[in-house]
Amino acid sequence: MQTMTADTRHGLLLVAAAWLAPIGSTLFAPVLPHMIEHFAAVPHAALLAPLALVTPALFVALLAPVAGLLTDRVGRRRVLVWALGLYAAAGIAPFWIDNLYAIILTRAIVGIAEAGVMTASTALICDYFSGQRRAHWLSVQFGSAALVATVCFVLAGFLGNYYWRAPFLVYGATALFIPLILAIIFEPARGASGKHAEPSAPESIRGLIDLRFVGSLVATLICGALFYITPVHISLVLNERGYSDPSMLGLASAMGSVGVVAGAAFFRFQSRRPVGALLAGAMATQAVGFAVLYTQPSLAGGVIGMFINNLGCGISLPLVLAFTMSKLPEAYRGRVSGLWTSMFFIGQFVCPLIVAGVVSLGGGMVAAMAIFAGFTALCGLLLLAGLVFGRALREPATTGTPVVRVH
């Protein structure tokens, strides 16, 4: 049986494939007003057009566990290639479609494809790398995704100035990933014989579902929802402070998003510290960021608050993913990757609903920042208590450095 050690080429390509999630959710956001105007004759177009924007996240949340099961049964590489093809075909289709309901259908298909891409690429990263190398690539995945989302927003705005359908053409370009995947990515062997064999009884899925595993998924849901609070709502916070210029708000959001990159880099170098200590620190950092957003009325204060908040988010998400995947049998990494992806996208989907409820409770977007500051500070204190009394939270997020067998 051949053996191979994954290198930078594999890591970069898999990270780039995972960029399709932020591309899918942000690429045509700037042209939504034009889309609503175009379909003005369609009943409830003002509601249906934004629904097309969030539909992929809903389908990723629903179907990522199924995609994970497929990656374990038929292979990561095969699922990744087919999902990329489906993503490109469904993503570009609205350029020619002139029916709003059909466009929403294509967005649902994009979500199905995203579930396959995200699950397979994350599982392959965890198959190929372990220990600090795994921490490195997971941190690169999350840190770069924030920058890609910002670039996509700017690109979509530029293309939308010429024609509101033009941003959809970018989806078709993602088909260029397919020959690269076929040429570079290899299918890791699983099991002693290299076949896709079912694991033995002690490694059954029921044996994996313990308090540690469930806690990891709950933490993913919470961290996923917190991750989207400031990127999605910072313009509303600043608008409540009196700043309304779109270019100024876009620049402030882009500057604040750099915090995710910094946080992911920090996790990369601290990944062997106890997971409870890192996650408590991440929550405390987010609390400070929310507090700055609540107390500082200036534009600079808003940018600094968002940067600090995103610094904590950049630590927490690759941390909980690395911890979730750190002790899994090889044959179940796909399924667990799917569950993790599902929980993350559920967090993304419910984030606006949570924020709306908190805003109603607090009486405004700025006041909501104070409530979120209190919540994240409480989470940090609970994690510190768990670090003292719980064994799992004293574990490092990443361990081990195996060589990957290849079919």
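**Ground rules.** I worked from a predicted model, in which local features need pLDDT of at least 70 and side-chain atom pairs count only at pLDDT 80 or more, while totals for chains, interfaces and linings use all residues. Residues are numbered from 1 along each chain as its sequence is written, and side-chain values use heavy atoms, with hydrogens and water left out.

**Overall.** I looked up the secondary structure and found 17 helices and two strands; these are DSSP runs numbered from the N terminus, helices being H or I with at least four residues and strands E with at least two. I then took contacts (heavy atoms within 4.5 Å) with a separation of 6 or more: 86% of them join residues 24 or more positions apart. The accessible surface (Shrake-Rupley method, 1.4 Å probe) is about 16800 Å², and carbon and sulfur atoms hold 72% of that.

**Second largest pocket.** I noted a volume of about 460 Å³ for this pocket. A pocket here is an open set of points on a 1 Å grid over the protein atoms alone where a 1.4 Å probe fits, with protein on both sides within 12 Å along at least five of seven lines; lining residues have an atom within 4 Å of a point. The volume is the space filled by probe spheres set on the points, which are joined across faces, edges and corners. The lining has 18 residues, and Gly215, Ala219, Leu279, Leu383 and Leu393 are the closest to the centre. H11 (211–227), H14 (275–295), H15 (299–325) and H17 (365–389) each give at least two lining residues, with H11 giving the largest share, seven. By class I have 14 nonpolar, three polar and one charged; Cys counts as nonpolar and Gly as polar.

**Glycine 305.** This residue is in helix H15 and is buried, at 0% relative accessible area. Beyond neighbours within four places in sequence, glycine 305 contacts Gly289, Val292 and Leu293. Its C-alpha atom is 9.9 Å from that of glycine 259, 46 residues away along the chain.

**Cysteines.** How many disulfides does the structure hold? I found zero, a disulfide being a pair of cysteine sulfur atoms within 2.5 Å. Cysteine 313 has its closest cysteine sulfur in cysteine 223, at 7.8 Å, so it is too far for a bond. Cysteine 379 also has cysteine 223 as its nearest, at 8.3 Å between sulfurs. Cysteine 313 is buried at 1%, and cysteine 379 is buried at 13%.

Terms used. Buried < 20%, exposed > 50% of the residue type's maximum accessible area, 1.4 Å probe, protein only.
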